[in-house]
Amino acid sequence: MIVITGPSGAGKGTLIRALLPRVHELELAVSATTRLRRDGEAEGRDYYYLSDADFARRVANGEFLEHITYVSGQRYGTLRGEVDRITGEGRIPVLELETEGALKVAEELPGVVTVFVTAPRAELERRLRERATESAGEIGERLDLAEGQLSQASLFDHVVQNDDLERALDDLVAIVGSTHTGGDR
Ligand code: 5GP
């Protein structure tokens with residue numbers, strides 16, 4: 001299993017979308033969230049959008065591999081069923097998680113490869129503002145959180161600098177390639 005983590009605005013989603021067609025064994029494990037769907041996002045492709053009650057019920061049923069409460073009290077989590085479906089089909093799940101969830105998964109599941117994607121702070125801020133999907137308050141909250149997350153980079157197996165998408169993608173492909181040929185962990 002591959003876990004991609006890093007601060008908001010680092011471009012994790014963009015990198016993963018570019019990675020999947022390059023390595024056919026990989027499949028994105030779609031997370032569940034209680035946050036509202038953004039324009040351009042689709043149910044089942046970007047997230048499974050759940051009500052607070054449904055999310056809480058699934059937590060109580062033990063359906064999540066990990067789950068967290070993030071900016072503005074919204075909940076996010078990885079459904080065990082989603083990961084099991086992908087591995088059951090003989091494919092490798094790719095998870096996109098913030099750092100707390102990534103550390104939890106790495107602790108619980110031996111053999112997981114964690115990649116921390118990062119970008120210069122000014123770039124993180126620019127991308128968050130350009131995305132313009134969050135309110136000014138939320139952008140500030142995500143940037144504050146990013147400060148703490150940047151200091152955690154050394155806790156992960158690999159760090160990819162995403163200041164240049166093509167180079168970052170090549171780095172990621174090399175990491176994934178060395179991983180599933182059993183080389184570098
Ligand atoms: P966004 O609201 O921008 O889609 O996601 C906010 C943050 O939550 C991102 O850093 C994203 O990687 C993270 N995230 C998305 N799904 C999950 C999940 O299932 N678990 C955890 N721990 N983080 C997630």
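This is a predicted model: local features need pLDDT of at least 70, side-chain atom pairs count only at pLDDT 80 or more; totals for chains, interfaces and linings use all residues.

Biologist: How many helices and strands does the chain have?

Modeller: The chain has 7 helices and 9 strands. Both are DSSP runs numbered from the N terminus, with helices being H or I of at least four residues and strands E of at least two.

Biologist: And why is the chain called as compact as a globular protein of that length?

Modeller: Its radius of gyration is 16 Å, close to the 16 Å from the globule rule for 185 residues, so the chain is as compact as a globular protein of that length. The radius is taken over C-alpha atoms, and the rule is 2.2 Å times the number of residues to the power 0.38. Along the principal axes, the C-alpha atoms fill a box of roughly 45 × 40 × 30 Å.

Biologist: What share of the residues is buried?

Modeller: Buried residues make up 45% of the 185. Buried means under 20% relative accessible area, exposed over 50%, and partly exposed in between, with a 1.4 Å probe and protein chains only.

Biologist: What share of the contacts joins residues 24 or more positions apart?

Modeller: Such pairs account for 65% of the contacts with a separation of 6 or more. Contact means heavy atoms within 4.5 Å.

Biologist: Turning to helices, which residues of α1 are buried?

Modeller: In α1, residues 12-19, the buried ones are Lys 12, Leu 15, Ile 16 and Leu 19. They cover an arc of only 100 degrees around the axis, which puts them on the same side of α1. The arc is that of the directions from the helix axis to the C-beta atoms. In general, an α-helix has 3.6 residues a turn, so residues three or four places apart point the same way.

Biologist: Which residues are buried in α5?

Modeller: Glu 123, Leu 124 and Leu 128 are buried in α5, which spans residues 121-131. Seen down the axis, the buried residues of α5 fall within an arc of 135 degrees, so they line one face of the helix. The face turned away from that buried side carries the exposed residues Ala 122 and Glu 130.

Biologist: What covers the buried residues of α5?

Modeller: The cover includes α6, residues 136-150. Gly 148 lies in α6 and counts as partly exposed, at 37% relative accessibility.

Biologist: Now the strands. Is Thr 118 buried or exposed?

Modeller: Thr 118, in strand β8 (residues 113-118), is buried, with a relative accessible area of 7%. Not counting residues up to four places away in sequence, Thr 118 touches Ala 10, Leu 150, Val 159, Val 160, Gln 161 and Asn 162.

Biologist: And what is Thr 69 in contact with?

Modeller: Thr 69 is in strand β5, residues 64-69. Leaving aside neighbours within four places in sequence, Thr 69 is in contact with Gln 74 and Arg 75.

Biologist: Lastly, where is Ile 92 found?

Modeller: Ile 92 is found in strand β7, residues 92-96, and is buried, with a relative accessible area of 18%. The C-alpha atoms of Ile 92 and Asp 52, 40 residues apart along the chain, are separated by 29 Å.

Notes:
Residues are numbered from 1 along each chain as its sequence is written. Side-chain values use heavy atoms; hydrogens and water are left out.
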